[in-house]
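User: Hi! I'm new to reading protein structures. Could you walk me through this one?

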Amino acid sequence: MRFQSPESVDEAVALLAADPEARVLAGGTDLLVRLRMGDVAPSAVIDIKRITEMTTIAQDDGGWRIGAAVPSAEMNETAALVTDWPGVTEAADLIGSTQIQGRATVAGNLCNASPAADSVPAMVAAGAVARVAGPNGSRDVPVEDIPTGPGQTSLAQGELVTSIFLPAKPENSGSAYLRFIPRTEMDIAVVGVGITLTLDSAGAVTAAKIALGAVGPKVIVAGDAAKTLIGTTGDDPALDALAAACSAAATPIDDKRGTAEFRRDVTGVIAKRTARIALARAKGEA
Amino acid sequence: MSQIHVITTINGDETEFLCEAQETLLDVLRDHLDLTGSKEGCGTGDCGACSVIVDGRLVCACLMLAGEAEGRSVETIEGMADGDDLHPLQQKFLEMAALQCGVCTPGILVATKNLLERNPNPTEEEVRYWLAGNLCRCTGYDKIIRAVMDTAADMRGAA
């Protein structure tokens, strides 16, 4: 195995395009475990942490551009980012321990393509867009279109995610992410729900985006569930309808972390709780 | 296969080493540099026994390739005491018997030092969350948490 540390995106793309067996190293919290287990045997690892634009968080067009090599701890140390997109930063803050958060990146979480990735539903609900660099230049891809199934992505040979863009936070909007795990910390989501919603001056929901994690082969954008909130104030009947629609949108499997039936039910419960937090944040109450 | 030549700073000293691409920072610390204070518990980032500080950030040395250390500043447990003078956390862990077998202790000390540098006045809950990635199978954690809280109070008093 070779160790390569390019200093520009172009150099990284050239290295990656020239070697189909090379793997990108961001935080390494998934890749190094796989290397050790012998699950992967890349010809080279390409460390992207020497590329300045990939290691920085920058305000961009009213929103935020988070370099693909930025550790999640740094996101949570960026107070204005936490203020704008608490749903995304709290999801990143749930991934592993302090040590893991010192290395793990949300772009890596996305490209690892685990169905249970915590930051992915939160980013999808925020309308996040991944910037992908490749041999033919760069393209912007909605985050939900990067994973295609467990461990699989839509990235072509030679392509890598260079940053995640979180758009300008809409006025009177709130975001939140919650997951269910059997204990309080250090576990993998059984169900995860990310919600971003926007209110009008009367407190009625004008826009909502809901994303479900760990209840399908990839993140699920629950469009019908989002519609149940539109025009409502998020009162109890509206949240009951939301819960039912989220449960209906979930397509979980039985596995050691929970049965499909349990997960469908919990999807609704967690969606309701997440929506309450997002509503409170949209009103400036939390 | 050609080895990688790395120049890095470890506990304030410029250090050079050669390593294989797949070797972790922990492999190099323990097997090449004879810095065996950092322990390998799991090798997969779950136990925190290999905790080190890289450029001010707490990480698992088992989840970092040694080649990544080029130009960085690494702090390990070996750099915690000042000669024969133990760091206040080390002293307190001894006084309060906040260890039993001791395998997790270097990682917990390094992790806690990093916490107190960032937050000299943590709540007990903050300490427990900060140390969630440092597993101890002996103490039940209570003695560790009490020693950390006590040290933090002492260090604030001394400051």
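This is a predicted model: local features need pLDDT of at least 70, side-chain atom pairs count only at pLDDT 80 or more; totals for chains, interfaces and linings use all residues.

User: Okay, and where is B:Tyr141 placed?
Analyst: B:Tyr141 sits in the loop between α4 and α5 of chain B. Its phi is near 75 degrees, which is a positive value in a residue other than glycine.

User: What about B:Asn11, what is its phi?
Analyst: The phi of B:Asn11 is positive too, at about 50 degrees, although B:Asn11 is not a glycine. You'll find B:Asn11 in the loop between β1 (4-10) and β2 (13-19) of chain B.

User: Is B:Asn11 buried or partly exposed?
Analyst: B:Asn11 is partly exposed, with 16 other C-beta atoms within 10 Å.

User: Switching to helices. How many residues of α3(B) are buried?
Analyst: Twelve of its 14 residues, so α3(B) is mostly covered. Among the buried ones are B:Ile108, B:Leu109, B:Val110 and B:Ala111.

User: And what covers them?
Analyst: The cover includes β3 (51-54), β4, α2, α4 (124-130) and α5 (142-158) of chain B, together with α6 (98-101) of chain A.

User: What length should α3(B) span?
Analyst: With 14 residues at 1.5 Å a residue, α3(B) should span 20 Å, and its end C-alpha atoms are 20 Å apart, so the two agree.

User: How far does α11 of chain A reach?
Analyst: Helix α11 of chain A, residues 260-282, reaches 32 Å from its first C-alpha to its last, close to the 33 Å expected for its 23 residues. Just after α11(A) comes A:Gly284, with a positive phi of about 75 degrees.

User: Back to chain B. At what angle do α2 and α3 cross?
Analyst: Helix α2 (residues 88-95) and helix α3 (residues 105-118) of chain B cross at roughly 130 degrees, and their axes come within 10 Å. That makes α2(B) oblique to α3(B). Their crossing is right-handed.

User: Which residues make that contact?
Analyst: From α2(B) there are B:Leu89, B:Gln90 and B:Phe93, while α3(B) brings B:Thr105, B:Leu109, B:Thr112 and B:Lys113. By class, the contact of α2(B) with α3(B) has three nonpolar, three polar and one charged.

User: How do α2(B) and α5(B) pack?
Analyst: Their axes are 9 Å apart, at an angle of about 135 degrees. α2(B) and α5(B) are therefore oblique to each other, and α2(B) passes α5(B) in a right-handed crossing.

User: Who meets whom there?
Analyst: B:Pro88, B:Leu89, B:Lys92 and B:Phe93 in α2(B) meet B:Ala147, B:Asp150, B:Thr151, B:Asp154 and B:Met155 in α5(B). The contact of α2(B) with α5(B) divides into five nonpolar, one polar and three charged residues.

User: Last topic! How many residues of chain B are in contact with chain A?
Analyst: There are 21 residues of chain B in contact with 22 residues of chain A. Strand β4 (residues 57-60) of chain B gives the largest share of chain B's side, with four residues.

User: And what kinds of residues are on chain B's side?
Analyst: The side of chain B that touches chain A has eleven nonpolar, eight polar and two charged residues.

Technical notes:
Residues are numbered from 1 along each chain as its sequence is written. Chains are lettered from A and ligands numbered from 1 in the order in which they are written. Axes are lines fitted to C-alpha atoms, for helices over the stretch in contact, and angles run from 0 to 180 degrees between N-to-C directions. Helices (H or I, at least four residues) and strands (E, at least two) are DSSP runs, numbered from the N terminus. Angles under 35 degrees count as roughly parallel, over 145 as roughly antiparallel, 65 to 115 as roughly perpendicular and the rest as oblique. A crossing is left-handed if the near helix is turned anticlockwise from the far one by less than a right angle, and right-handed if clockwise. Two residues are in contact if their C-beta atoms, placed from the backbone, lie within 7 Å. Ala, Val, Leu, Ile, Met, Phe, Trp, Tyr, Cys and Pro count as nonpolar, Asp, Glu, Lys and Arg as charged, and the others, Gly among them, as polar. The expected span of a helix is 1.5 Å times one less than its number of residues. A residue is buried if 20 or more other C-beta atoms lie within 10 Å of its own, exposed if 12 or fewer, and partly exposed in between; C-beta atoms are placed from the backbone.
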